[in-house]
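Let's take a walk through a protein model together. Keep the picture in view and find each spot as we get to it.

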Amino acid sequence: MPKKSKKNYYFTSVHEQAIVEYCSTESREQREKLYINYIQPAFSEMVDKIIYTYKFTNIPNIDVLKDDCKVWLTTILSKYDPNRGSKAFSYFSVITKHWFIHQLKKNSTKIKREVAYEEIVKENQHEKLVYNDETYIVERQKAEFWYH
């Protein structure tokens, strides 16, 4: 009889309850304990999983963006409303995915807009140096012939 694999879930009902308690309390000490012990490790693991699941690993500065995303999740943590019917994991994973999609779009438009000045100059010089007109070649050969 095969053994059941014990999965190590990083976002459980304990973490869900910690987020609900975090949103319902005004006590700074209580919020700090909940965040450090339960919420921060879950957010950290969730962000890493979403990055690898949706292949956001090719975004430039992904390590910095991971930290920025975790900070963003912390700032909107109190906006979660459990009465709306969604689980905290679903809510924050969708927000995380959309945050990285936005970063990807922002980086791709920035790359398209940036063109090095040196490249523009090289292209213009190339256009002036290369002249593909056969009449020029014929005229040039005649001129050189009569010159010599």
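Start in a loop: Asn61 lies between H2 and H3. Those labels are helices, meaning DSSP runs of H or I with at least four residues, while strands are E runs of at least two, and both are numbered from the N terminus. Asn61 has a positive phi of about 60° although it is not a glycine. Is Asn61 buried or exposed? With a relative accessible area of 59%, Asn61 is exposed. Here buried means under 20% relative accessible area, exposed means over 50%, and partly exposed is in between (1.4 Å probe, protein chains only).

Lys55 is in the loop between H2 and H3 too. Lys55 is not a glycine, yet it has a positive phi of about 60°. At 62% relative accessibility, Lys55 counts as exposed.

Pro60 also sits in the loop between H2 and H3, but at 45% relative accessibility it counts as partly exposed. Setting aside neighbours within four places in sequence, Pro60 is in contact with Leu65 and Asn107, where contact means heavy atoms within 4.5 Å. Pro60 and Asn107 are 47 residues apart along the chain, and 8.0 Å separates their C-alpha atoms.

Before going on, a word about what you're looking at. This is a predicted model, in which local features need pLDDT of at least 70 and side-chain atom pairs count only at pLDDT 80 or more, while totals for chains, interfaces and linings use all residues. Residues are numbered from 1 along each chain as its sequence is written, and side-chain values use heavy atoms, with hydrogens and water left out.

So how confident is the predictor? pLDDT is its confidence in each residue, from 0 to 100. The mean pLDDT of the protein is 84, and 78% of its residues reach 70 or more. Among the elements, H2 has the highest mean pLDDT (95), and helix H5 (residues 117-129) has the lowest (58). Where pLDDT is low, the predicted coordinates should not be read in detail.

Now zoom out. How many helices and strands are there in the protein? The protein has six helices and zero strands, so from the N terminus on its elements run α-α-α-α-α-α. Of its 148 residues, 25% count as buried. Look at contacts between residues at least 6 apart in sequence, and 64% of them join residues at least 24 apart.

Next, let's see how some helices pack. Two packed helices are described by the angle between their axes and the distance between the axes. Axes are lines fitted to C-alpha atoms, for helices over the stretch in contact, and angles run from 0 to 180 degrees between N-to-C directions.

Take H1 (residues 13-24) and H2 (residues 28-53): their axes come within 9 Å and cross at roughly 140°. H1 and H2 are therefore oblique to each other. Angles under 35 degrees count as roughly parallel, over 145 as roughly antiparallel, 65 to 115 as roughly perpendicular, and the rest as oblique. The crossing of H1 and H2 is left-handed; that is the name if the near helix is turned anticlockwise from the far one by less than a right angle, and right-handed is the name if clockwise. Residues making the contact include Val14, His15 and Ala18 of H1, along with Leu34, Tyr38 and Ala42 of H2. The contact's residues divide into 11 nonpolar, two polar and two charged. Ala, Val, Leu, Ile, Met, Phe, Trp, Tyr, Cys and Pro count as nonpolar, Asp, Glu, Lys and Arg as charged, and the others, Gly among them, as polar.

His15, in helix H1, is worth a stop. His15 is buried, with a relative accessible area of 15%. Leaving aside neighbours within four places in sequence, its contacts are Tyr10, Tyr38 and Ala42.

Finish at Thr96, found in helix H4 (residues 88-113). Thr96 is buried, with a relative accessible area of 0%. Apart from neighbours within four places in sequence, Thr96 is in contact with Met46, Val47, Ile50, Cys69 and Leu73.

Definitions and conventions. pLDDT is the predictor's confidence in each residue, from 0 to 100.
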